Amino acid sequence: MALEGVVVADFSRVLAGPYATMLLGDLGATVIKVERPGLGDDTRQWGPPYAADGQSAAAFKSEDCVGS
């Protein structure tokens, strides 16, 4: 692989940094991800928007489009 033998220390927290190191890992680099103890990467907490009843409120849900 292109980056075999390269070691990357990843101290990034949100989206672009982890994505970049994922790509480096895909290309063969060894990635050491350092995260905040007990919290991890902020991106792990992200998800689709949820309605008050806890159900996903994502606009792409197929049942929302039926009969419209």
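This is a predicted model: local features need pLDDT of at least 70, side-chain atom pairs count only at pLDDT 80 or more; totals for chains, interfaces and linings use all residues.
Begin with the whole protein chain, coloured by secondary structure. One helix and 2 strands are present, and they follow the order β-α-β along the sequence. Of the 68 residues, 15% are buried. The chain exposes about 5,300 Å², with carbon and sulfur atoms supplying 63% of that area.

Next, select Asp 42, in the segment after strand 2 (30-33). Leaving aside residues up to four places away in sequence, Asp 42 touches Arg 13, Val 14 and Arg 36.

Arg 36 is partly exposed, at 35% relative accessibility.

Now display Arg 13. Arg 13 also forms a salt bridge with Asp 42, the closest N and O atoms being 2.5 Å apart. Because Arg 13 lies in the loop between strand 1 (7-10) and helix 1 (16-26) and Asp 42 in the segment after strand 2, the pair ties together parts 29 residues apart in sequence. Arg 13 is partly exposed, with a relative accessible area of 44%.

Finally, move to Asp 41, which forms a salt bridge with Lys 33 at a closest N and O distance of 3.2 Å. Asp 41 is buried, at 6% relative accessible area, whereas Lys 33 counts as partly exposed at 30%. Select Asp 10 as well: salt bridges with shared partners join Asp 10, Lys 33 and Asp 41 into one network.

Technical notes
Residues are numbered from 1 along each chain as its sequence is written. Side-chain values use heavy atoms; hydrogens and water are left out. Helices (H or I, at least four residues) and strands (E, at least two) are DSSP runs, numbered from the N terminus. Contact means heavy atoms within 4.5 Å. Buried means under 20% relative accessible area, exposed over 50%, partly exposed in between (1.4 Å probe, protein chains only). Accessible areas come from the Shrake-Rupley method with a 1.4 Å probe; for residues, only the protein chains shown count as cover. A salt bridge is a side-chain nitrogen of Lys or Arg within 4 Å of a carboxyl oxygen of Asp or Glu.
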